[in-house]
Amino acid sequence: FPEVRFPAFVNDGASAVAWVARNIAGYGGSPERIHLMGHSAGAHIAAMLAYDPTYLQASGAGDIRVERFIGLSGPYDFLPLKLDYLKDVFPEALRQQSQPINFVSADAPPTLLIHGSADDVVLSSNSESLAQALSQSGTPVELRLYEGVGHARVVAALAPPLGFTGSTLEDAIAFIGAAAKLRDRTNQQSGATVVP
């Protein structure tokens with residue numbers, strides 16, 4: 001913004017995920033194992049892609065599903081808008097479509113939401129509301145509220161030298177690792193061959 005408005009930046013994110021889906025096998029990965037994570041506005045974009053399949057379908061990603069979503073300090077349920085610049089970013093006619101919480105369904109991927117209780121940029125009520133909606137839909141969801149932590153510290157803790165500021169990296173790795181363990185158990189039960 002001001003060069004683009006919603007949903008242009010979500011479409012950009014969908015194009016990036018579509019590229020990954022088409023090319024990940026060449027890097028030893030699988031399009032069935034795509035996890036999305038973002039911080040702040042990036043968490044909003046990743047949540048839109050995780051919960052509203054129309055973006056990925058329109059991007060040429062096909063029928064891929066996001067395996068898991070990790071949202072860090074994200075705005076998921078932020079209406080009504082109070083700041084004038086946000087009113088420009090999110091045109092009035094599209095505001096309901098800009099709210100990730102409005103796309104929660106039983107098909108949503110398992111979700112980890114991390115938010116600082118002292119965040120005064122994006123209120124933690126966004127993550128709390130989304131966690132409640134996901135839980136009500138039957139979607140596995142974990143909500144981690146870091147006591148006394150602000151907006152930037154949640155993402156800063158991803159950097160190993162700043163790991164002492166929080167457990168964001170460890171929590172994200174554990175959440176993604178749980179998906180791998182679940183796949184391994186499922187493959188063992190079905191007798192399937194495990195492919196990385």
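Guide: Helices (H or I, at least four residues) and strands (E, at least two) are DSSP runs, numbered from the N terminus. Buried stands for under 20% relative accessible area, exposed for over 50% and partly exposed for what lies between, with a 1.4 Å probe and protein chains only. Contact, or touching, requires heavy atoms within 4.5 Å. The model is predicted, so local features need pLDDT of at least 70 and side-chain atom pairs count only at pLDDT 80 or more, while totals for chains, interfaces and linings use all residues. Residues are numbered from 1 along each chain as its sequence is written, and side-chain values use heavy atoms, with hydrogens and water left out.

α2 is largely enclosed by the rest of the structure, because nine of its eleven residues are buried. These are A43, H44, I45, A46, A47, M48, L49, A50 and Y51. For the protein as a whole, 41% of the 196 residues are buried.

A nonpolar core is a set of buried Ala, Val, Leu, Ile, Met, Phe, Trp, Tyr and Cys residues joined through side-chain atoms within 4.5 Å. The largest one has 36 residues, and V10, L36, L49, Y51, L56, F69 and L130 have the most contacts inside it. At least two residues of this core come from each of α1 (8-23), α2 (41-51), α3 (54-58) and α5. α2 gives the largest share, eight residues. L130 touches Y51, along with Y76, I101, V104 and L113, leaving aside residues up to four places away in sequence. Another core, of nine residues, lies apart from the largest one, with I70, L72, V154 and A172 among its members.

Q99, in the loop between α4 (84-89) and β3 (111-116), touches M48, Y76, D77, F78 and L79, with residues up to four places away in sequence not counted. Q99 is itself buried, at a relative accessible area of 1%.

A pocket is an open set of points on a 1 Å grid over the protein atoms alone, where a 1.4 Å probe fits, with protein on both sides within 12 Å along at least five of seven lines; lining residues have an atom within 4 Å of a point. The largest pocket holds about 630 Å³, a volume filled by probe spheres set on grid points that are joined across faces, edges and corners. α2, α4 and α5 each supply at least two residues of its lining. Of the 24 lining residues, P75, F78, L86, V121 and V122 lie nearest the centre of the largest pocket. V122, in the loop between β3 and α5 (125-137), counts as buried at 9% relative accessibility. Outside the four places on either side in sequence, V122 touches S40, S73, G74, P75, H115 and H151.

Around all this, the protein has seven helices and four strands, in the order α-β-α-α-β-α-β-α-β-α-α along the sequence. Among contacts between residues at least 6 apart in sequence, 75% join residues at least 24 apart.
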